[in-house]
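Open the model in a viewer and keep the sequence panel beside it. The stops below say what to select next and what is there.

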Amino acid sequence: MMILRGLGRLLAAVLVLATGAWTGFAFWFQLPFGEQGVVAAIVVWTIFVIAIALNELVKPSWRSRIVYLLAFAAVLVWWSTIRPSNDRDWAELVAHGVSGKVEGDKVTLDNVRDFDWRSEMDVTPRWDTRTYDLNELSSVDLILAYWDGPKIAHTILSFGFDNGDHIAFSAEIRPEAQESFSAIGGFFREFELVLIGADERDVVKLRTTIRKEDVYLYPLQLPKAGMRALFLSFVTLGNELAAEPRFYNTLTTNCTTVVFRLVQALDPGRLPFDWRILVSGFLPGYIFDRQPHPQGMTLEDFRSAAAISERAQAAGAALDFSSRIRAPLAPPPPAN
């Protein structure tokens with residue numbers, strides 16, 4: 001009995017510390033008091049949490065538990081008042097999310113990004129309106145940009161048309177002008193979610209040439225009807241975010257899980273959930289397992305054929321950028 005009582009006290013103390021730590025992070029990312037005020041609030045809260053946890057270990061009482069439950073309930077009420085917005089001073093590259101109008105087989109997209117990147121600080125911004133004919137939709141490619149080692153990649157879906165046009169969709173965090181990315185902040189409503197529709201000369205060049213990321217392009221084998229439905233699902237998502245903003249979440253609502261949900265909607269039986277969806281760097285293996293490929297091709301062959309960083313860097317800002325990144329690399333010159 002004593003052992004069970006001791007385990008109960010320990011569990012209660014751990015629960016207090018865990019919820020207290022969550023609250024501390026929430027204060028850090030969301031309290032509007034300025035840095036000194038936020039630090040002071042976190043210090044006071046930490047002292048309170050430690051005192052309650054020690055009380056649970058040494059001399060638990062319902063009075064202290066009720067006090068903590070009321071305090072944490074107040075935190076949850078405050079947390080529920082934090083709402084996403086489309087009206088902030090956004091960083092230039094996410095100033096607009098893509099949205100569209102569907103009229104029969106024609107889709108007109110507003111705010112298609114086509115920036116001319118010379119460096120991350122030297123850029124000529126352009127936001128276009130473009131029209132696409134769904135009857136000419138001919139390809140869908142998954143683009144993976146590795147920015148933090150081999151396990152983590154940013155995912156982009158690019159749609160190609162018979163006339164050579166490509167439009168890439170990228171679900172991203174939407175930082176304000178003075179904000180920078182924080183994976184932890186992504187758990188605490190620091191960023192909104194934005195869907196960017198962009199020319200490949202913009203969104204691919206930014207990653208291959210400006211940020212020097214390792215980028216891969218994998219063609220997806222989908223039926224024409226599937227391509228169309230997937231394209232329209234992105235238009236719907238862009239319109240939904242324009243009408244009702246959402247928070248980005250590092251785990252549950254990010255670039256990969258958003259793409260997975262859209263693709264899964266096409267064929268839930270064929271594309272079941274897989275851990276490689278969350279660890280996005282391993283998506284090539286997920287695709288390799290589910291698509292036909294030439295006999296004898298290995299996963300390494302599959303990945304090697306998809307590498308486009310060198311091609312993109314060589315293409316620069318060429319108007320035929322999309323066709324150049326899909327052309328095979330020239331063979332190396334013969335050795336002397």
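Buried means under 20% relative accessible area, exposed means over 50%, and partly exposed lies in between (1.4 Å probe, protein chains only). This is a predicted model, in which local features need pLDDT of at least 70 and side-chain atom pairs count only at pLDDT 80 or more, while totals for chains, interfaces and linings use all residues. Residues are numbered from 1 along each chain as its sequence is written, and side-chain values use heavy atoms, with hydrogens and water left out.

**Stop 1: helix 4**

Select residues 200–210, which make up helix 4. Helices (H or I, at least four residues) and strands (E, at least two) are DSSP runs, numbered from the N terminus. Helix 4 is mostly covered, with 11 of its 11 residues buried. Among them are Val 203, Leu 206 and Ile 210, but also Glu 200 and Arg 207.

Lys 212 has a phi near 60°, a positive value in a residue other than glycine. Most residues other than glycine have a negative phi. Lys 212 counts as exposed because its relative accessible area is 58%.

**Stop 2**

A salt bridge is a side-chain nitrogen of Lys or Arg within 4 Å of a carboxyl oxygen of Asp or Glu. The structure holds 22 salt bridges. Show the side chains of Arg 113 and Asp 202, which form one at 2.8 Å, N to O. Arg 113 lies in strand 2 and Asp 202 in helix 4, so the pair ties together parts that are 89 residues apart in sequence. Are these two residues buried or exposed? Both Arg 113 and Asp 202 are buried.

Next take Asp 116 and Lys 205, whose closest N and O atoms are 3.9 Å apart in a salt bridge. This pair also links distant parts of the chain, with Asp 116 in strand 3 (residues 116–117) and Lys 205 in helix 4. Lys 205 is buried, at 9% relative accessible area, whereas Asp 116 is partly exposed, at 23%.

**Stop 3: Arg 130**

Move to Arg 130 in strand 5 (residues 127–133). Arg 130 counts as buried because its relative accessible area is 18%. Asp 199 forms a salt bridge with Arg 130, the closest N and O atoms being 3.0 Å apart.

**Stop 4: the nonpolar cores**

A nonpolar core is a set of buried Ala, Val, Leu, Ile, Met, Phe, Trp, Tyr and Cys residues joined through side-chain atoms within 4.5 Å. The largest has 47 residues, and those with the most contacts inside it include Leu 109, Ile 167, Phe 169 and Phe 231. Helix 5 (residues 224–243) gives the most to this core, with seven residues. A second, separate core of 25 residues includes Phe 115, Ile 196, Val 215 and Ala 315.

**Stop 5: strand 2 again**

Finish at Asn 111 in strand 2 (residues 106–113). Its phi is near 65°, a positive value in a residue other than glycine. Asn 111 is partly exposed, at 24% relative accessibility.
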